[in-house]
Amino acid sequence: MKHILESDHHVGDWLTQHQFPAYRRKQIQRWLFQGRAEGFDDMSDLPKALRDQVSENFQIWTTKVVEHQKSADGTEKLLLELQDGGRIECVLLREENRRTICISSQVGCAMGCVFCASGLDGVDRNLTTGEIVEQMLRLQRLLPEQERLSHIVVMGMGEPLANLDRLLPALDQASSPDGLGISARRITISTVGLPPAITRLAKLNSRYHLAVSLHAPNDELRNEIVPVNSNIGIQTILDAADHYFEVSSRRLTFEYVLLADVNDRPEHAHQLASLLKARNVLLNVIPYNPVAGLPYRTPSSKAIGNFRAILLKANINIQFRQRKGDDIDAACGQLRRKTVKTTELVDIEPLN
Ligand code: SAH
């Protein structure tokens, strides 16, 4: 049985092979992406024979919702169980007119950022294209009928640039008018900073917004909190990011998770300002969302204020992201950790 969300060609090919008219593909897509069909039987403008045959060959849902949390601020989080028992998280955020979803790209994560819950047990595997699209559809179905998803951030579990080959076809379905119809400008891929993969993305498809998780203004500190940095280095990442900017003409975002007494000192703010000042970037500072069992803390509001003032004075375009879903386990990977029992972990080869 094929996952219908795995590729937008599968069902089209199948329809042709079975002598069904090609326009049936668009009808099915509309039910899945614009409508709320849970099964092929809900697709009431398809002939019964087609509905029966298509349901013998394709499945729509491969995941099970094992937990659904709702925050007082409107944030909702799903914990999904995959067919092989792996678990991933995805989130719906409500902000004024925005309906943003945060989706995962891998089960676990291999990057090992020391403050993050997702990578504590390493990576299990890449998500398939269908599993990535399925998160989008599950979250869209949490909205009332008249509301549509407006933004996607690939900032859930995993390193999206280590799974580019499956992610890009999923984002194609998200941005296609036959799919979710979300403009590519409203889709952000967040990366720990893998230069060859950034360059590859620039070549393959530079329509998406790129966010780079920097978290430290010098290599010594970054090697400590983002261990993969030891083999990469900030300068190489900045070069690749500059190249992406040139090719895409889209302003880059740099993310900086503020950890008390680790990377929140005035000297860090000054160094960060000099790294970024010649660049047309947005700096997104995120006060740490504490993870049970990890020793990191959110800085005091005084430390946050000082950090901000230094960057503002240096004319850096800075934005402080509000933490959302504090009353649920919204920090990436937290909910899964609370519920995960045993996982067998295998190392996967980075694709790039
Ligand atoms: N691997 C990618 C995308 C997933 S992480 C990346 O590194 O960008 C998405 C963002 O959430 C990253 O900036 C990450 O550093 C941040 N993050 C992870 N755990 C966090 C926490 N507990 N509090 C605040 N931000 C966190």
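Colleague: What makes the pair Glu 89 and Lys 77 a salt bridge?

Modeller: Their closest N and O atoms are 2.6 Å apart. A salt bridge asks for a side-chain nitrogen of Lys or Arg within 4 Å of a carboxyl oxygen of Asp or Glu, so the pair qualifies. Do keep in mind that this is a predicted model, where local features need pLDDT of at least 70 and side-chain atom pairs count only at pLDDT 80 or more, while totals for chains, interfaces and linings use all residues. Residues are numbered from 1 along each chain as its sequence is written, and side-chain values use heavy atoms, leaving out hydrogens and water.

Colleague: Where do Glu 89 and Lys 77 sit?

Modeller: Glu 89 is in strand β5 (residues 87–95) and Lys 77 in strand β4 (residues 76–81), twelve residues apart. Helices (H or I, at least four residues) and strands (E, at least two) are DSSP runs, numbered from the N terminus.

Colleague: How do you know which parts the salt bridge of Asp 178 and Lys 26 ties together?

Modeller: That bridge has its closest N and O atoms 3.6 Å apart. Asp 178 lies in the loop between α5 (164–175) and β10, and Lys 26 in helix α2 (residues 23–34), so the bridge joins parts 152 residues apart in sequence.

Colleague: Why does Asp 178 count as partly exposed?

Modeller: Its relative accessibility is 23%. Buried means under 20% relative accessible area, exposed over 50% and partly exposed in between (1.4 Å probe, protein chains only), so Asp 178 belongs in the middle class. Lys 26, at 43%, is partly exposed too.

Colleague: Why is the aromatic pair of Phe 115 and Tyr 288 called edge-to-face?

Modeller: The centres are 6.2 Å apart and the planes stand at 90°. Rings of Phe, Tyr and Trp (its six-membered ring) pair if their centres lie within 6.5 Å; planes under 30 degrees apart are stacked, over 60 edge-to-face and the rest tilted, so this pair is edge-to-face. Phe 115 is in the loop between β7 (106–108) and β8 (123–126), and Tyr 288 in the loop between β13 (281–287) and α10 (301–313). Tyr 288 also pairs with Tyr 296: the centres are 6.3 Å apart and the planes at 85°, so that pair is edge-to-face as well.

Colleague: Are Phe 115 and Tyr 288 buried or exposed?

Modeller: Phe 115 has a relative accessible area of 8% and is buried, and Tyr 288 is buried at 3%.

Colleague: What makes the phi of Asp 261 worth a look?

Modeller: Asp 261 has a positive phi of about 60° although it is not a glycine. Most residues other than glycine have a negative phi. Asp 261 lies in the loop between β12 and α9 (266–276), and at 47% relative accessible area it is partly exposed.
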